[in-house]
Amino acid sequence: MALALTQVSRSVAKRHSSMFRRLGEYGESRFILDPADLPVTMCLEPRGGAPRILLSRRDLEGDARIAGPLAALLGLVHGAYDGDALFFSRDLVIEGDTSAALALRNAIDDAELDLGEEIGALSGPLARPLQRLVALAERRTGVALTRQEEDLAW
């Protein structure tokens, strides 16, 4: 699973290289992502645009730790949830270097990522069926896996 997540993160790095540049001095930080409702912890190492993701059933050490339900963490990636609201409602916990965590949040926000699209980009001819599976998973779980189109009508 760590290899697959690393592959997706490297594809994201190629398609959104400005995201990793935006991290600036935090481009070599270790970000611990702790989905509270899963038995694993992830460590994102941006490594200057050649990211790596590590998974562990044990607590991992890093510069900043961001913890919360998986749905909230994924919703942050897609802009489906407001990070400030999650933080102040205590649904999201940030520990360690909060400046690093904020840099990561801002970099992700600016990139306007869509994990469904990123997975499709890796899938070649299987992209369409996989996008249908992603949509089904979203409907069944309520977890945001794609960026929602903003309603631009006034």
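Mentor: Let's start with H16, which sits in the loop between α1 (2-15) and α2 (17-22). Helices (H or I, at least four residues) and strands (E, at least two) are DSSP runs, numbered from the N terminus. This is a predicted model, where local features need pLDDT of at least 70 and side-chain atom pairs count only at pLDDT 80 or more, while totals for chains, interfaces and linings use all residues. Residues are numbered from 1 along each chain as its sequence is written, and side-chain values use heavy atoms, with hydrogens and water left out.

Trainee: Why does H16 count as buried?

Mentor: Buried means under 20% relative accessible area, exposed over 50%, and partly exposed in between (1.4 Å probe, protein chains only). H16 has 17% relative accessibility, so H16 counts as buried.

Trainee: Which residues does H16 touch, not counting residues up to four places away in sequence?

Mentor: H16 touches A111, L113 and E118; contact means heavy atoms within 4.5 Å.

Trainee: How do you know that the span of α1 agrees with its 14 residues?

Mentor: The expected span of a helix is 1.5 Å times one less than its number of residues. For the 14 residues of α1 that should give 20 Å, and its end C-alpha atoms are 20 Å apart, so the two agree.

Trainee: What do the buried residues of α1 pack against?

Mentor: T6, S9, S11, V12 and A13 are buried in α1, and the buried residues of this helix pack against α2, β3 (52-56) and α6 (115-123).

Trainee: What makes α1 roughly perpendicular to α6?

Mentor: The two helices pack at an angle of about 100 degrees, with their axes 10 Å apart. Axes are lines fitted to C-alpha atoms, for helices over the stretch in contact, and angles run from 0 to 180 degrees between N-to-C directions. Angles under 35 degrees count as roughly parallel, over 145 as roughly antiparallel, 65 to 115 as roughly perpendicular and the rest as oblique. That is why α1 is called roughly perpendicular to α6.

Trainee: Which residues of α1 and α6 meet?

Mentor: Q7, V8, S11, V12 and R15 in α1 meet E117, E118, A121 and L122 in α6.

Trainee: Why is S56 called buried too?

Mentor: S56, found in strand β3, has 17% relative accessibility, so S56 counts as buried. Leaving aside neighbours within four places in sequence, S56 is in contact with P39, V40 and T41.
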